[in-house]
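Below is a short briefing for a reader new to this structure. Please look over the sequence and the model before reading on.

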Amino acid sequence: MSSVGSPVEWAIFGVVVLGLLLLDLLIFNREAHKISLKESAVWSIVWVGLALLFNVFVYIEHGAESGTQFLTAYLIEKSLSVDNLFVFLAIFNHFRIPSHFQHRVLFWGVVGALVMRALFIAAGVALLTHFAWLMYVFALFLVYTGIKLGFSRHENDDPSQGVAMRLAQKYLRTTPEYNGQKFFKHIDGRRFATPLFVVLVVIEFSDVLFAFDSVPAVLAISKDPFIVYSSNVFAILGLRALYFLLADVLNRLHYLGKGLAVVLVYIGIKMGVSEWLHVPPLASLGVIAAILTITVFISIRHKPDAENAD
């Protein structure tokens with residue numbers, strides 16, 4: 001499938017993303033430290049601002065429809081990434097990872113996510129190109145995932161019972177001791193994985209599971225590789241700052257999962273009926289934005305009955 005992005009645009013995009021990652025790792029976060037609320041807020045604004053600037057570029061260079069598709073896809077990915085933060089919070093709390101090491105783990109988690117998302121998106125676009133009927137499979141999967149998410153409870157998740165944790169314990173030599181912010185430690189001439197590496201494995205595996213939801217959702221908005229991947233990249237790049245910004249208030253977003261469930265069901269239905277009913281990108285953007293806004297408003301104004309009773 002052809003892409004609105006030219007080879008030159010792909011190359012420039014790749015160089016810019018790599019430069020941003022290196023700037024983050026080697027300059028701003030070279031030393032392990034606890035990310036303050038102010039720092040996370042500034043970085044969140046920076047990442048969102050960069051995404052919006054890129055959106056303007058897409059709008060100018062490739063037209064209003066592509067620009068709207070990017071913004072809608074970015075909004076979906078950003079919203080789903082907030083749901084992912086619940087899992088990250090559970091993982092860090094379960095393994096008692098010190099706050100000043102969490103950014104390091106999330107950074108390499110982001111790098112791994114960028115690679116895996118590229119593979120997932122390439123596979124998804126290729127499959128839809130050669131097997132158009134898979135669109136209906138993706139649509140049903142999104143509806144199923146949305147319904148499942150609507151009835152899920154994050155507090156029941158236990159990272160220690162996951163497949164990734166069991167594999168890490170089985171195949172890795174691990175030590176409960178830290179080695180600064182390094183992922184490995186040499187003991188008696190043998191290399192052992194520190195808790196940071198074990199947590200990184202769990203996070204990377206969780207992102208693979210998230211990709212099964214998010215990639216089909218974005219492909220329902222656009223099948224253009226440049227739009228789909230760039231929207232994923234900008235949402236993922238801002239994930240770390242967003243985590244530190246929202247870590248203290250995540251548990252207050254009681255109904256976010258319900259809103260995301262409605263969004264996934266809507267996207268699945270939209271994808272399934274797209275052959276007979278075309279929903280303009282701007283209309284989808286409005287629907288999704290409205291659902292998420294209402295969800296956040298309800299979460300702020302109303303607490304679950306069990307919490308009100310405390």
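With which residue does arginine 117 form a salt bridge, and how far apart are the closest N and O atoms? Arginine 117 pairs with glutamate 77, and the closest N and O atoms are 3.3 Å apart; a salt bridge here is a side-chain nitrogen of Lys or Arg within 4 Å of a carboxyl oxygen of Asp or Glu. The model is predicted: local features need pLDDT of at least 70, side-chain atom pairs count only at pLDDT 80 or more, and totals for chains, interfaces and linings use all residues. Residues are numbered from 1 along each chain as its sequence is written, and side-chain values use heavy atoms, with hydrogens and water left out.

**Overall layout and confidence**

- The chain has 12 helices and two strands, where helices (H or I, at least four residues) and strands (E, at least two) are DSSP runs numbered from the N terminus.
- Along the sequence the pattern reads α-α-α-α-α-α-β-β-α-α-α-α-α-α.
- Of the 310 residues in the chain, 48% are buried; buried means under 20% relative accessible area, exposed means over 50%, and partly exposed lies in between (1.4 Å probe, protein chains only).
- Among contacts with a separation of 6 or more, 81% join residues 24 or more positions apart, a contact being heavy atoms within 4.5 Å.
- The chain exposes about 15,800 Å², and carbon and sulfur atoms supply 67% of that area; accessible areas come from the Shrake-Rupley method with a 1.4 Å probe, and for residues only the protein chains shown count as cover.
- The average pLDDT is 82, and 89% of the residues score at least 70; pLDDT is the predictor's confidence in each residue, from 0 to 100.
- Confidence is lowest in helix α12 (residues 305–308), with a mean of 52, and highest in helix α8 (residues 225–237), at 91.

**Salt bridges**

- The whole structure holds three salt bridges.
- Arginine 117 lies in helix α4 (residues 99–130) and glutamate 77 in helix α3 (residues 64–95), so their bridge ties together parts that are 40 residues apart in sequence.
- Both arginine 117 and glutamate 77 are buried.
- Arginine 117 also forms a salt bridge with aspartate 207, with the closest N and O atoms 2.9 Å apart.
- That pair links arginine 117 in helix α4 to aspartate 207 in helix α7, 90 residues apart, and aspartate 207 is buried, as is arginine 117.
- Lysine 185 and glutamate 177 meet through their side chains in a salt bridge of 2.7 Å, N to O, and glutamate 177 is partly exposed at a relative accessible area of 41%.

**Aromatic pairs**

- There are 21 aromatic pairs in the structure; rings of Phe, Tyr and Trp (its six-membered ring) pair if their centres lie within 6.5 Å, and planes under 30 degrees apart count as stacked, over 60 as edge-to-face and the rest as tilted.
- Tyrosine 136 and tryptophan 276 form a tilted pair, 6.2 Å centre to centre with 35° between the planes.
- This pair links distant parts of the chain, since tyrosine 136 is in helix α5 and tryptophan 276 is in the loop between α10 (256–272) and α11 (281–301), 140 residues apart.
- Tyrosine 136 is partly exposed at 28% relative accessible area, whereas tryptophan 276 is exposed at 64%.
- Phenylalanine 184 and phenylalanine 197 form another tilted pair, 4.6 Å centre to centre with 40° between the planes.
- Phenylalanine 184 sits in strand β1 (residues 184–187) and phenylalanine 197 in helix α7, 13 residues apart.
- Phenylalanine 184 is partly exposed at 27% relative accessibility, whereas phenylalanine 197 is buried at 18%.
- One aromatic cluster is formed by Trp10, Phe13, Phe54, Phe57, Phe70, Tyr74, Phe226, Tyr229 and Phe234.

**Nonpolar surface patch**

- Phe141, Tyr144, Val163, Leu167, Tyr171, Phe205, Leu209 and Phe212 make a nonpolar surface patch of about 780 Å².
- Patches consist of residues with over 30% relative accessible area and no salt bridge; like charges are joined within 9 Å, and nonpolar side chains (Val, Leu, Ile, Met, Phe, Trp, Tyr) within 5 Å.
- Helices α5 (134–150), α6 (163–171) and α7 (195–219) each supply at least two residues of the nonpolar patch.
- Phenylalanine 205 is in helix α7 and is partly exposed, with a relative accessible area of 31%.

**A backbone detail**

- Aspartate 188 has a positive phi of about 55° although it is not a glycine.
- Most residues other than glycine have a negative phi.
- Aspartate 188 lies in the loop between β1 and β2 (190–193) and is exposed, with a relative accessible area of 77%.
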